[in-house]
Amino acid sequence: MAAPWVGRATRRLLEVSAVRGRLSRVYSTSHAFAEVLQLPKKQMTKLVYPLQDLEQYLVPDTRPDLHLRIYDPSLENIARADTIFTATARNRIDYVSSAVRLDHAPDLPWPEVCFIGRSNVGKSSLIKALFSLAPEVEVRVSKKPGHTKKMNFFRVGKHFTLVDMPGYGYRSPKDFVDMVEVYLKERTNLKRTFLLVDSVVGIQNTDNIAIEMCEEFALPYVMVLTKIDKSSKGQLLKQVLQIQKFVNTQTQGCFPQLFPVRAKRVREALKR
């Protein structure tokens, strides 16, 4: 019997053949994603599903409700997300406001998701990449840790509000805990928290600040593994296994799906 990961890889290659042509007809895909769809099957699969080669090394399911899974969306789902993040007259994407306290936060009717992580983990770079199809939205990125000092609110059409939280750890705001803890505890329309972890160093002691708050307030959250192209395959596997063990044994509210993110943009990756 073939290993499960082999079956998933095969299905992905078959899916590429089946949906490559119709995606451009059904969805208004961005130029970058259209370029990805034109790549040879194996190259495209490696770019879209960068951790797929590691699946064979993951611990077999012992508790299906907790077992960490690799990011595994369909191409249709990726194309649909591409459309959601594309700014149009009917799908306004813009910066709303910033706040240092919850009572200063905008009162918005949509569900909210927030991004939180250690200083210099790549949070602002990820958010800037998400808004690349909305060029009028300014997301400031700095090489210096601790650049974000406030909670920044962005509207993504009528779908949801995205909140960029200040980084914790080095050069974090002095009132970080008061600011973020109150938001996480009392923001009623917060539906999902994305916790960013650096793939080069893995979960750090400072990450426990965010993890403990999410667990204490019974918040649904997921982990995002950043800068995966800056780690060797061996380092990456080590971090994925450690995170898998951590999620399975020390968390209750963390979703088992792990999201990998490159440090370089797709366009740069296509040139490699």
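**View 1. Asn 91 is in contact with Thr 83, Ile 84, Thr 86, Gly 157, Lys 158 and His 159, once neighbours within four places in sequence are left aside.** Contact here means heavy atoms within 4.5 Å. Before going on, a quick word on what you are looking at: this is a predicted model, where local features need pLDDT of at least 70 and side-chain atom pairs count only at pLDDT 80 or more, while totals for chains, interfaces and linings use all residues. Residues are numbered from 1 along each chain as its sequence is written, and side-chain values use heavy atoms, with hydrogens and water left out. Back to Asn 91: you'll find this residue in the loop between helix H4 (75-84) and E2. Helices (H or I, at least four residues) and strands (E, at least two) are DSSP runs, numbered from the N terminus. The side chain of Asn 91 reaches the backbone oxygen of Thr 86 at 2.9 Å. That makes a polar contact, which is a pair of N or O atoms within 3.5 Å; within protein, one must be able to donate a hydrogen and the other to accept it, and residues adjacent in sequence count only if both atoms are side-chain atoms. Is Asn 91 buried or exposed? Its relative accessible area is 10%, so Asn 91 is buried. The cut-offs are under 20% relative accessible area for buried, over 50% for exposed, and partly exposed in between (1.4 Å probe, protein chains only).

**View 2. Arg 92, Asp 94 and Arg 155 are linked in a network of salt bridges.** A salt bridge is a side-chain nitrogen of Lys or Arg within 4 Å of a carboxyl oxygen of Asp or Glu. Asp 94 bridges to Arg 92, with the closest N and O atoms 2.9 Å apart. Asp 94 also meets Arg 155, this time at 3.0 Å, N to O. Asp 94 has a relative accessible area of 18%, so it counts as buried. Arg 155, at 17%, is buried as well.

**View 3. Asp 198 and Lys 227 meet through their side chains in a salt bridge (3.5 Å, N to O).** Here again the pair links distant parts of the chain, with Asp 198 in strand E6 (residues 190-198) and Lys 227 in the loop between strand E7 (221-226) and helix H8 (233-250), 29 residues apart. What is the relative accessibility of Asp 198? It comes to 7%, so Asp 198 is buried. Lys 227 counts as buried too, at 15%. If you go looking for salt bridges in the whole structure, a search finds seven.

**View 4. Leu 225 sits in strand E7 and stands opposite Pro 260 in E8.** Four bridges join E7 to strand E8 (residues 254-260), and the two run parallel. For two strands to pair, DSSP has to find at least two bridges between them. To get from E7 to E8, the chain crosses through H8, and this β-α-β crossover is right-handed. Right-handed means that, with the strands pointing away from the viewer, the path from the first strand over the helix to the second runs clockwise. How accessible is Leu 225, and what does it touch? At 0% relative accessibility, Leu 225 counts as buried. Not counting residues up to four places away in sequence, the residues it touches include Val 197, Asp 198, Ser 199, Leu 236, Val 240 and Ile 243. Val 261 is 36 residues from Leu 225 in sequence, yet the pair is 6.0 Å apart in space, C-alpha to C-alpha.

**View 5. Asn 120 has a positive phi of about 70°, although it is not a glycine.** Where does Asn 120 sit? Look in the loop between strand E3 (112-117) and helix H5 (123-130). Its relative accessibility is 43%, so Asn 120 counts as partly exposed.

**View 6. Zooming out, the protein has nine helices and eight strands.** Buried residues make up 47% of its 272 residues. Among contacts between residues at least 6 apart in sequence, 76% join residues at least 24 apart. The accessible surface comes to about 14,600 Å², and 52% of that belongs to carbon and sulfur atoms. Accessible areas come from the Shrake-Rupley method with a 1.4 Å probe; for residues, only the protein chains shown count as cover.
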